[in-house]
Amino acid sequence: MADRNIRRKPLPSAAQAAIPPTLSPDWSADLTAQFRRVLSTRRMNELSKRPGSQRRSSSRLPTEYFVESRQSPQLPPRHAYDANVQIDPTPLREVPSVSGAHPLLSPPLAPPPAYSSLRNIPIIPTPPTDSKSLRFRGMLLSLSNTPCKWENPGLLDEALGAIPLQRIYEEAQEEADLFMAEAASMGPSMKPAWGYQDCVIRALMKWFKRDFFEWVNNPRCTVCRTPTVACGMAAPLPDEQARGANRVELYRCANQHCLSYERFPRYNDAFVLLQTRRGRCGEWANCFSMLCRALGSRVRWVWNAEDHVWTEVYSVHRKRWVHVDCCEEQWDVPLLYTQGWNKKLSYCIAFSADGCCDVTRRYVRDPTSHALTRSRCPEGVLMHIVREIKDMRRRDMDKKERFRLNAEDMREDAELRKNIIEALAYSISRILPGGDGGTGARPDPDAMKAAEGRQSGPMEWIRARGEGGRNQNRDQRSGSRDPRLP
């Protein structure tokens, strides 16, 4: 009974007994691989002997192929493989594709393009290293200190004492009511064009230009009240330097019987400008921006690398920064300089107590006709400097305040990109069939607004300002020029 329960192993058949029990299971795969190598090597040698006209020419690849001699791994004799058969060596590198080659031969990859041929690569912030970029960085850091001086509570109280608040608020309320009535007449869901605080700044701008500040090209002689002629620069006196004048313009009386000299200090201190109340666009923008800050608005001081400065005020009602030029009494006309004055700009950098921003795209919509070369530093270096100033100004801020400002920066960047896209779309529409092509169809509304703004003032004012907003006495100066005082 015990022998019946034992399960015996069956005996192997005759076919199974003929196979050696020690044979490796992957011997056929090794043999197949060696056969493919031999076949591939022979084909490569045949292709290399063909005429050069039948092969793809390439200056980077040689026309002859050298193969390193090496022995293929020998298989055991039991694999029925003759070890005495000589096998051609295997090539060590890829061979370029040849017309009529076997489909198993894959063509090599094309060489990557040179980086110089690539465009629109994302800009990476890069610290300045060369002397030119370092000088530009130092200048921007110095300019960024100007708005910080307007945060002095004593200065703001002094400014409020110089502003006719009752008059400003009454005019602002009247204009705000007009905007609200206009919006209500267009439907219940319409929003007024500007809010009350925006109207306050608009009223301040009118009063500042018409009644408060004086534009000075050539100061009159204090002895005989005769116009003067520019005759160079002079070193500031200790009293003038203590009041913020880094340079002084020197003028001589045009009266041959007087010929006395007049000094015109270019003050940078907003407190001193409240007393002098005269100057050019540098003094105008400095004092006006400080007065806007005294009335509770967030302001920016925009520096242009050519010869002008102006102001930007943040509109809470519109949730964006608004262009304000108190010298021209213009509100929200960013194309005033390029479309109105036909002027070319390179850098427009806005500085505030909260940071810094490159706002050139707001004022230059067509780079082909209204942009100058930006050669003071690479764009990556400028981005690094702007971020450095932002981090410096927001370092001690509350976390929520920093988040709010970062969200505001992202909205502004989207707005600037939108400006460029709309300008590009308008230019394309003029080229396509059916566009005006300069034949009198509907022009760009922003350009119309800029052209109207250039002719808003009296002709005497335009002549005093100089054609295109450029200073008429600029060519008569000598020495270095403070970029804050065009």
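Q: How many residues lie between strand 8 and strand 9 in their hairpin, and which residue in the turn has a positive phi?
A: Strands here are DSSP runs of E with at least two residues, numbered from the N terminus. In this case four residues separate strand 8 from strand 9 in the hairpin, and Glu-329 in the turn has a positive phi of about 55 degrees. The model is predicted, so to speak of local features requires pLDDT of at least 70, side-chain atom pairs count only at pLDDT 80 or more, and totals for chains, interfaces and linings use all residues. Residues are numbered from 1 along each chain as its sequence is written, and side-chain values use heavy atoms, with hydrogens and water left out.

Q: How many bridges join strand 8 to strand 9, and in which sense do they run?
A: Two strands pair if DSSP finds at least two bridges between them. Strand 8 and strand 9 (residues 330-331) are joined by two bridges and run antiparallel. Asp-325 has Gln-330 in strand 9 as its bridge partner.

Q: What joins strand 7 and strand 8?
A: Five bridges pair strand 7 with strand 8 in the antiparallel sense. Within this pairing, Val-322 in strand 8 is the residue opposite Val-313. These two strands also form a hairpin with four residues between them, and in its turn Lys-319 has a positive phi of about 55 degrees.

Q: In what order do the six strands of the open sheet stand?
A: Strands of a sheet pair through backbone hydrogen bonds, either parallel or antiparallel. Here the order is 9-8-7-6-10-11, and the pairing is antiparallel. Strand 9 and strand 11 are at the edges with a single partner strand each, so one side of each has no neighbour in the sheet.

Q: How many bridges pair strand 6 with strand 10?
A: Strand 6 (residues 299-304) and strand 10 pair over four bridges, in the antiparallel sense. Opposite Trp-301 stands Phe-351, a residue of strand 10.

Q: Is strand 8 mostly covered or mostly open, and how many of its residues are buried?
A: Buried means under 20% relative accessible area, exposed over 50%, and partly exposed in between (1.4 Å probe, protein chains only). Strand 8 (residues 320-325) is mostly covered, with six of its six residues buried. Arg-320 belongs to strand 8, and it counts as buried because its relative accessible area is 19%.

Q: Which residues is Arg-320 in contact with, apart from neighbours within four places in sequence?
A: Contact means heavy atoms within 4.5 Å. With those neighbours set aside, Arg-320 is in contact with Trp-194, Val-313, Tyr-314, Ser-315, Asp-332 and Glu-415. A further pair to inspect is Arg-320 and Glu-412, which are 92 residues apart along the chain and have C-alpha atoms separated by 7.0 Å.

Q: Where does Thr-311 lie, and what does it touch?
A: Thr-311 is in strand 7 (residues 309-315). This residue counts as buried because its relative accessibility is 0%. Leaving out residues up to four places away in sequence, Thr-311 touches Ala-285, Phe-288, Ser-289, Arg-300, Val-302, Val-322, His-323 and Val-324.

Q: Where is Gln-339 found?
A: Gln-339 is in the loop between strand 9 and strand 10 (348-352). Gln-339 counts as partly exposed because its relative accessibility is 33%.
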